[in-house]
Each structure stands twice: as C-alpha cells, then as structure tokens.
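Dear colleague,

Please find below the sequence and the structure that I am handing over to you. A short account of what was found follows them.

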Amino acid sequence: MAHSVSTTPPAGRPAGATPLAGRPAGPAEPSVGTLAKSAMADVSTLVRSEIELAKAEIGTSVKRGGAGAAAFAAAGVMLAFAGFFFFFFLAELLAVWLPRWAAFLIVFALLVLVAAIVGLVGWRLVKKIKKPERTIETLQDLPDVMRREAPGRRTHDLPTVRNGQVVRQDAHAPLR
C-alpha cells in the first residue's frame, strides 16, 4: 500500500534542524497517527474499489443470465406451439384407420388423461408440504420476550434452537 505521508517539516522548524541535541539532522519521520490515518484511507479506498468491481462484474453476469432465461422461455413457448402440431399430426395419423372425429376424440381423451395424472401428482406433492412448526413456535414466544424485559437489560434466557428442536426455558428463570 502506498502511504500519502507529508515530507514537509513541521511548522516553525527549518528543513535541516535537529529536533533534539545530539541527534543527527535527517528527514522528519511521520507520526503513528499519521501512518494509521493514511493506512485507513488506503484500506477504505481499496474496499470501495473492490465493491465497485464486484458491482460491475455482477451486473454483467445478471444481464447475461437474464438473456439466457429469456432464451429458455422463448424455447419453451416454441415447444408448446410444436406440441399443438404434434397432436394434430397424431389425430390425422389415426384418421387414416378411423373416422376423423374418432381420431380427434382419442387424442383429446389422451390429453385429458395425461393432464389428470399430472394434476394428481402435483396435488400429492402440494399436500406433502408441511408448515414451519418450529418457526411458528418461536414466533409465538416473541411477544412474551418483547414484553418481558427492556432491550439491553435481559436477565432471563430466551428460547433457543438446539439440533433442530426449540428448547423452551422458564421465562422467569435468571440467566446462568
């Protein structure tokens, strides 16, 4: 790190004057406070520069990621349109052997069946979602904790979480 320490002599003393008798004249050494101030300024500048660099890099990555997501979305839409044509093709193929209305009815029934199966799988997955019970327990204790003691003057234990379990302590027991 480069330090921006002044090399000019202190006010009231000529450039070559000796500060104490018996010491040779030389350049004035900066004080520890000046060095610390200079180091802090350099560190602050370095941190700000690193933050700006990170912002620039992340901004570029986000733009590329957004463009990639848009391309995937466009591909999905095109695939959905292609699906319509596939099912028309399938119905027309079946119409070679069956009346046209029957072929389209079979394709319609096939689509309804697939939609029902996918819906059933989705419903079962949603049904398995559990509510965050431990979080709800700790949130229910929050009003009691907030009323119990003034901030910064806590003398009693708060509920804690150990190994994924909420450990409740007596609200009126003193801290250990």
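Of the 176 residues of the chain, 9% count as buried, meaning under 20% relative accessible area, with exposed meaning over 50% and partly exposed in between (1.4 Å probe, protein chains only). This is a predicted model, in which local features need pLDDT of at least 70 and side-chain atom pairs count only at pLDDT 80 or more, while totals for chains, interfaces and linings use all residues. Residues are numbered from 1 along each chain as its sequence is written, and side-chain values use heavy atoms, leaving out hydrogens and water.

The chain holds three helices and two strands, in the order α-α-α-β-β from the N terminus; these are DSSP runs (helices H or I, at least four residues; strands E, at least two), numbered from the N terminus.

Helix α1 has 63 residues and reaches 91 Å from its first C-alpha to its last, close to the 93 Å expected, that is, 1.5 Å times one less than its number of residues. Its buried residues are Ser38, Asp42, Gly83 and Ala91, and α2 (100-127) is included in what covers them.

Phe86, Phe89, Leu93, Val96, Trp97, Leu98 and Ile106 make a nonpolar surface patch of about 740 Å². Such patches consist of residues with over 30% relative accessible area and no salt bridge, nonpolar side chains (Val, Leu, Ile, Met, Phe, Trp, Tyr) being joined within 5 Å and like charges within 9 Å; a salt bridge is a side-chain nitrogen of Lys or Arg within 4 Å of a carboxyl oxygen of Asp or Glu. Helix α1 (residues 32-94) gives the most to this patch, with three residues. Leu93 lies in α1 and is partly exposed, with a relative accessible area of 35%.

Kind regards

Note on methods:
Areas by Shrake-Rupley, 256 points an atom, 1.4 Å probe, with all protein chains shown as cover. Contact = heavy atoms within 4.5 Å.
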